[in-house]
Every structure is written in structure tokens, then in C-alpha cells.
Amino acid sequence: MTLSKKMTELFRGLLASYVFTGIILALLAFLVYQFEMGETLVNAGITATYVVATLIGGMYAGKRIQEKKFIWGIILGALYVAVILGASFLVNQELDSVSTNLITTCVLCLLGGMAGGMLG
């Protein structure tokens, strides 16, 4: 498979991850509105959504690319985090200080993508 085809499959996996993220975060927003959930539970739901989304994207990319799957999964996880951080920067015009939550979420997304790539 050529590099351009691999990149196409990687971006399709990334798109699948973001579609999943959008659906689940919309559902989470509805649940917060209906049940007035606490901040800790909401943050856990968001982090879990990110991890499952990268797992799904990594599975897609790994299944389609079929070589060095875990590396493509890690790349997918890194791109996923980069887009989220980029969007956050565009909206807030600054990045919050590097916190333990941010680092943990980044590592979990990388691991989710890698695991998905290996499972795919």
C-alpha cells in the first residue's frame, strides 16, 4: 500500500473518531441538561469518549492499513489530540497551563489509538 493510501485510511479513521465523539458528546450534553450531572462525572465521560473514539479510529486504520498497525494507531491518537488542542486554542485564544488532566488525556488517547490499531 502506498503512503498516500495509508494517509487516506488514517484520515478516514480520524473522521470516524470525530463522528463518534460528536454523537457521544451531544448525548452527554443532553444527559447533563436533563440530570444536572456533577463536573467529575462529566469530565470522566469526556475522557472516556476520547479514549473510545481513538480506539475506534485506531481499529479502522489498523484494519485497513494492515502493517505496523500499532504505529498507525499511535499516529491517529496523536492527530486526534492535536486537533482537539488546536480547536481549543482557536476558541479560547490560549492553551491552559499543562495540567495532569491534559497529560493523562493525551497519553490515554495515544494508548487508545495504539490498542485500536493492534486490535484492527
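This briefing describes the fold, the helices and one surface patch of a single protein chain. The structure is a predicted model, in which local features need pLDDT of at least 70 and side-chain atom pairs count only at pLDDT 80 or more, while totals for chains, interfaces and linings use all residues. Residues are numbered from 1 along each chain as its sequence is written, and side-chain values use heavy atoms, with hydrogens and water left out. The chain has four helices and zero strands, where helices (H or I, at least four residues) and strands (E, at least two) are DSSP runs numbered from the N terminus.

**Overall shape**

- The radius of gyration of the protein chain, taken over C-alpha atoms, is 15 Å, close to the 14 Å that the globule rule gives for 120 residues, so the chain is as compact as a globular protein of that length; the rule is 2.2 Å times the number of residues to the power 0.38.
- Along the principal axes, the C-alpha atoms of the protein chain fill a box of roughly 50 × 30 × 20 Å.
- Of the contacts in the protein chain with a separation of 6 or more, 83% are between residues 24 or more positions apart, a contact being heavy atoms within 4.5 Å.
- Buried residues make up 27% of the 120 residues, where buried means under 20% relative accessible area, exposed over 50% and partly exposed in between, with a 1.4 Å probe and protein chains only.

**Helix α1**

- Helix α1 has 33 residues and reaches 47 Å from its first C-alpha to its last, close to the 48 Å expected at 1.5 Å a residue; the expected span of a helix is 1.5 Å times one less than its number of residues.
- Its buried residues are K6, E9, L10, G13, L14, S17, T21 and L28, and they pack against α2 and α3.
- E9 counts as buried because its relative accessibility is 7%, and, not counting residues up to four places away in sequence, E9 touches Y60, R64 and I65.
- Just after α1, E36 takes a positive phi of about 45 degrees.

**Helix α2**

- The 27 residues of α2 should span 39 Å at 1.5 Å a residue, and its end C-alpha atoms are 39 Å apart, which agrees.
- Among the buried residues of α2 are V42, Y50, A53, G57, A61 and I65, and what covers the buried residues of this helix includes α1, α3 and α4.
- Q66, which follows α2, has a positive phi near 70 degrees.

- Helix α3 has 24 residues and reaches 35 Å from its first C-alpha to its last, close to the 34 Å expected at 1.5 Å a residue.
- W72, G73, L76, G77, Y80 and V81 are buried in α3, and their cover includes α1 (3-35), α2 (39-65) and α4.
- F70, I71, I74, I75, L110 and M118 form a nonpolar patch on the surface, with about 460 Å² of accessible area together; nonpolar side chains (Val, Leu, Ile, Met, Phe, Trp, Tyr) are joined within 5 Å when their residues have over 30% relative accessible area and no salt bridge.
- The largest share of the nonpolar patch, four residues, comes from α3, while α3 (69-92) and α4 (100-119) each supply at least two of its residues.
- I74, found in helix α3, counts as partly exposed because its relative accessibility is 30%.

Methods. Patches are made of residues with over 30% relative accessible area and no salt bridge: like charges are joined within 9 Å, nonpolar side chains (Val, Leu, Ile, Met, Phe, Trp, Tyr) within 5 Å. Accessible areas come from the Shrake-Rupley method with a 1.4 Å probe; for residues, only the protein chains shown count as cover. A salt bridge is a side-chain nitrogen of Lys or Arg within 4 Å of a carboxyl oxygen of Asp or Glu.
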